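Let's take a friendly walk through a protein fold, one piece at a time. Have the sequence and the 3D view ready.

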Amino acid sequence: MALATLAAPAQFALEARKSRFLARACPVDSPEAAIAWLQQASDPAATHNCWAYRIGANYRSSDDGEPGGSAGRPILAAIDGQQLDHVAVVVTRWYGGTNLGVGGLVRAYGGAAAECLRTAPRREQVDWQHACLDCAFALAGAVHALLDASGAQKLHEHFDEHGLHLRLRLPASSYAALADRLRDVSRGAASLRPLENQPP
């Protein structure tokens, strides 16, 4: 199943034995962006700000003073359980005077995060492939039509005596089909090649 990310920030609040929990989630592009957002979203006046993020193979979590494994890991498990990527979640707790025990904390932190993410707007997480395309002027119209059909985005375009040169990004899942169509339309005269050192 394809991973998704959030389309917009989301939040969800719950109360457990007089402690208040507020889960907030946000889409993030990098670990640095995740940490910056988590610092901004945390409430320094609260008892705990526990968090986790998942960005591809990169993930981190924090119990922020709660018993080990009772907060950060359940939040991360909620992200993974919702099959989300490029997401950061912070669950803020205001202590209500009654200890919840480790099991109660796992349920409260994990449950608040899971419900926040379950009800959040989401969008498909696209893996992008960057590529260069070169073709003769005569093929420009047909090439642009193929790019539109494949969901490709032009990042840079220039012309010289050899024709049209484009730098693109397109969904990785569309790359092979676009290469095949270009070869058919141009009888092999248009070249599409992947860029390995891709910008983010």
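Does A149 count as buried or exposed? With a relative accessibility of 66%, A149 counts as exposed, because exposed means over 50% relative accessible area, buried means under 20%, and partly exposed is in between (1.4 Å probe, protein chains only).

## Before we start

This is a predicted model: local features need pLDDT of at least 70, side-chain atom pairs count only at pLDDT 80 or more, and totals for chains, interfaces and linings use all residues. Residues are numbered from 1 along each chain as its sequence is written, and side-chain values use heavy atoms, with hydrogens and water left out.

Helices (H or I, at least four residues) and strands (E, at least two) are DSSP runs, numbered from the N terminus. Two strands pair if DSSP finds at least two bridges between them.

## The sheet of 4 strands

Look for an open sheet of 4 strands, paired antiparallel in the order β9-β10-β8-β11. Its edge strands are β9 (153-160) and β11 (191-194), and each of these pairs on one side only. From one strand to the next, the twist averages 20°. (Axes here are lines fitted to C-alpha atoms, for helices over the stretch in contact, and angles run from 0 to 180 degrees between N-to-C directions.)

Now zoom in on β8 (residues 128-135) and β10 (residues 163-171): they run antiparallel and are joined by 8 bridges. Here L133 stands opposite L166 in β10.

## Two helices across it

Helix α4 (residues 140-150) lies across β8, β9 and β10, at about 5° to β10. Helix α5 (residues 175-186) lies across β8, β10 and β11, at about 160° to β11. Contact, by the way, means heavy atoms within 4.5 Å.

How do α4 and α5 meet? Their axes come within 11 Å and cross at roughly 160°. That makes α4 roughly antiparallel to α5, because angles over 145 degrees count that way, while those under 35 are roughly parallel, 65 to 115 roughly perpendicular and the rest oblique. On the α4 side, the contact is made by A142, V143, L146, L147 and S150, and on the α5 side by L178, R181, L182 and V185. These residues divide into 7 nonpolar, 1 polar and 1 charged. (Ala, Val, Leu, Ile, Met, Phe, Trp, Tyr, Cys and Pro count as nonpolar, Asp, Glu, Lys and Arg as charged, and the others, Gly among them, as polar.)

A149 and L178 are 29 residues apart in sequence and 8.9 Å apart in space, C-alpha to C-alpha.

## The sheet of 5 strands

There is also an open sheet of 5 strands, in the order β2-β3-β6-β4-β5, with antiparallel pairing. At its edges sit β2 (10-16) and β5 (58-62), each pairing on one side only. Neighbouring strands of this sheet are turned by 15° against each other on average, direction ignored.

Strand β4 (residues 48-55) pairs with β5 in the antiparallel sense over 5 bridges. Y53 stands opposite R60 in β5.

## Helix α2 and its cover

Helix α2 (residues 72-81) lies across β4, β5 and β6 (87-94), at about 35° to β4. Which residues of α2 are buried? They are G72, P74, I75, L76, A78 and I79. Their cover includes β4, β5, β6 and α3 (101-118). After α2 comes Q83, whose phi is positive, near 55°.
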